[in-house]
Amino acid sequence: MGEPKMVVDILTLFPEMFTGPFDASIIKRAREKGLVEINLINIRDFSRNKHRTVDDTPYGGGAGMVMAAEPLFEAMDWIRARRGEPGRVILLCPAGRPFNQEVAAELAREKHLVLICGHYEGIDERVAEHLVTDEISIGDYVLTGGELPAMVVVDAVCRLIPGVLGERASAQEESFADGLLEYPHYTRPREYRGYRVPEVLLSGHHEKIRLWRRRQSLLRTLASRPDLLARASLTGEDRKILASVLEEIKSLI
């Protein structure tokens, strides 16, 4: 099958957590096609003490334990010896920049990613200072470790790799691809329990359908995520649609 388009090495204390998400659906098919190679690397394998511990008490005192630098540096040495220098070394942590579609697209252009899953009260700061190229957060809430964030990042990134999705257009038209929420979808039957599919979608008029979908996308974003609308790159057509919406609203007041 040749070289994969992307290699993802995940440094974790709990590799068994990834077996379900990465062995099903789109990610499974991408791995089977050889488009992406995902390697789960147990940080404990690089511990140099007989108990394979990877944490210790923090200097200066304080509650909790800190993940030690040594096993992570050793693990990175092992990765570099086999695959060379990775494109990005990502620490999943609360202090990282917020993960979004733009960041996913940025990472999807890399050939080799390393994701570090933290645990305990944190990771020895020397890891962030001397190993890590990027720190990423998936949200402002507390999780038990970096495994779930790593799954989110891998899923969002891998589906953007060429060939992973059946139709490239599906990745370009979905929510957040252009900074807006996606338009609503419908399928058969035309009517169900008295609820009908919008007539425009049954018309076969491609331009009317395109305009309806764009209008719905703008309306959804305006109603649910106006913060996205403020940052989106709107076209002249988009601005005309929004102006007409505002006029309609004014007529109702």
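Which residues are linked in a network of salt bridges? Select R88, R97, E106, E110 and D134, and you have that network on screen. A salt bridge here is a side-chain nitrogen of Lys or Arg within 4 Å of a carboxyl oxygen of Asp or Glu, and by this rule the count comes to 22.

A quick note before moving on: this is a predicted model, where local features need pLDDT of at least 70, side-chain atom pairs count only at pLDDT 80 or more, and totals for chains, interfaces and linings use all residues. Residues are numbered from 1 along each chain as its sequence is written, and side-chain values use heavy atoms, with hydrogens and water left out.

Next, zoom in on D134 and R97, whose side chains form a salt bridge at 3.7 Å, N to O. The pair links distant parts of the chain, with D134 in strand β7 (residues 134–137) and R97 in strand β5, 37 residues apart. Strands are DSSP runs of E, at least two residues, and helices are runs of H or I, at least four, numbered from the N terminus. D134 is buried at 12% relative accessible area, while R97 is partly exposed at 33%; buried means under 20%, exposed over 50%, partly exposed in between (1.4 Å probe, protein chains only).

Now pick R83 and D9, a salt bridge at 2.9 Å, N to O. R83 sits in helix α2 and D9 in strand β1 (residues 6–12), so the pair ties together parts 74 residues apart in sequence. D9 is buried, at 0% relative accessibility.

Last stop: G87, in the loop between α2 (69–83) and β5 (88–98). Its C-alpha is 6.5 Å from that of K111.
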